[in-house]
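Please look through the sequence and the three-dimensional structure shown here. An explanation in running paragraphs accompanies them.

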Amino acid sequence: MLDSWLDLVHGAGCVGCAAPGRSLCRTCAARLPGAGRPVRPTPCPDGLAACFAAGDYDDLLRAMVLAHKEHGVFSLADPLGRALAAVALPVLDPGSVNVLVPVPSRPAVVRERGHDPVLRFVRAAARRLQGRGPVVCVTQVLEQRAPVHDQAGLSSGQRAANLVGSMGVRQAAREALARRGAAVSLLVCDDVLTTGATAREAQRALEGSGLPVRAVVTVTATRRRLPVAGRPMSLSYLPALPFSPRAD
Ligand SMILES: [Zn+2]
């Protein structure tokens, strides 16, 4: 009944299988990863913190990220948050206030889309993590500073150069964290890890303000395909790194 009503009202269906009804049917919801895995861009920006993602930027997760981000299917924020929470849970620092820091979107993009998709599902993730162990909060510590050109089509080196200095720390948010009077561990949160340049810039800005970054957690990570000897070759993210949190 609910699915039929939703389909009638929204004319929408499951982003995973197109079944009429809710934006994510029960069958597809059951396919969501229940844990994260270590991932690493290739090549990897120097000094990038340990990175974890729920799955590849492919198939169901990709459809969910795009529908939520580009088409404002807000009902997907909760399942995206659930996926991110599963990634973040084992990474949380039991001895600190764990601060989920959404990677900021450009203000113009937020205005155009009418919402901030990363902030929305990071808040959903934090709700999932409440009461499950270490203290968790969401703080918009980062803001975009310099204008950033579209990253599409840029190489990893060009992306990194395009981004340096593009993010800064909001002083009010930083002071609010200091007033908590407890040790904080920051987790940089985003929807997609591609070259790692965005995450590295977020990390640079945070660490430059004395805020310790414990890890980067994302819903998805792309698999990079580089042409080798005339043939496409899949350079998948290396899943082999054991997690070693940074010393706080
Ligand atoms: Zn489905």
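Predicted model: local features only at pLDDT ≥ 70, side-chain atom pairs only at ≥ 80, totals over all residues.

Residues are numbered from 1 along each chain as its sequence is written.

The chain contains nine helices and 10 strands. Helices (H or I, at least four residues) and strands (E, at least two) are DSSP runs, numbered from the N terminus. Of the 248 residues of the chain, 39% count as buried. A residue is called buried if 20 or more other C-beta atoms lie within 10 Å of its own, exposed if 12 or fewer do, and partly exposed in between, with C-beta atoms placed from the backbone. Among the contacts in the chain with a separation of 6 or more, 72% are between residues 24 or more positions apart. Two residues are in contact if their C-beta atoms, placed from the backbone, lie within 7 Å.

Helix α3 covers residues 59-71. At 1.5 Å a residue, its 13 residues should span 18 Å, and the end C-alpha atoms are 17 Å apart, which agrees. The expected span of a helix is 1.5 Å times one less than its number of residues. In α3, the residues L60, L61, M64, V65, A67, H68 and K69 are buried. What do the buried residues of α3 pack against? Their partners are the helices α2 (26-29), α4 (77-88) and α6 (117-129), together with the strands β2 (51-56), β7 (184-193) and β8 (213-221). D59 also lies in α3. Phi of D59 is near 50 degrees, a positive value in a residue other than glycine. D59 has 13 C-beta neighbours inside 10 Å and therefore counts as partly exposed. Just after α3, G72 takes a positive phi of about 60 degrees.

Helix α6 can be read in the same manner. Its 13 residues should span 18 Å at 1.5 Å a residue, and its end C-alpha atoms are 19 Å apart, which agrees. The buried residues of α6 are P117, V118, F121, V122, A124, A125, A126 and L129. They pack against the helices α3 and α4 and against the strands β3 (97-102), β4 (136-138) and β7. Just after α6, G131 has a positive phi of about 75 degrees.

The next topic is a pair of helices. Two packed helices are described by the angle between their axes and the distance between the axes. The axes of helix α7 (residues 156-163) and helix α9 (residues 197-208) come within 9 Å and cross at roughly 30 degrees. Such axes are lines fitted to C-alpha atoms, for helices over the stretch in contact, and angles run from 0 to 180 degrees between N-to-C directions. Helices α7 and α9 are therefore roughly parallel to each other. Angles under 35 degrees count as roughly parallel, over 145 as roughly antiparallel, 65 to 115 as roughly perpendicular and the rest as oblique. On the α7 side the contact is made by S156, R159, A160 and L163, and on the α9 side by A197, T198 and E201.

One of these residues, T198, lies in helix α9. T198 counts as buried because it has 26 C-beta neighbours inside 10 Å. Leaving aside residues up to four places away in sequence, T198 touches V103, L163 and D190. The C-alpha atoms of T198 and V164 are separated by 9.0 Å, although the two are 34 residues apart along the chain.

L142 lies in strand β5 (residues 142-144). Is L142 buried or exposed? With 24 C-beta neighbours inside 10 Å, L142 counts as buried. Not counting residues up to four places away in sequence, L142 touches V101, V103, P104, M167, V169, A202 and A205. L142 and Q203 are 61 residues apart in sequence and 9.8 Å apart in space, C-alpha to C-alpha.

Two loops complete the account. A cis peptide bond joins T42 and P43, with omega about 0 degrees. P43 is placed in the loop between β1 (37-39) and β2. In the loop between α1 (2-10) and α2 is A18. A18 has a positive phi of about 70 degrees although it is not a glycine. With 11 C-beta neighbours inside 10 Å, A18 counts as exposed.
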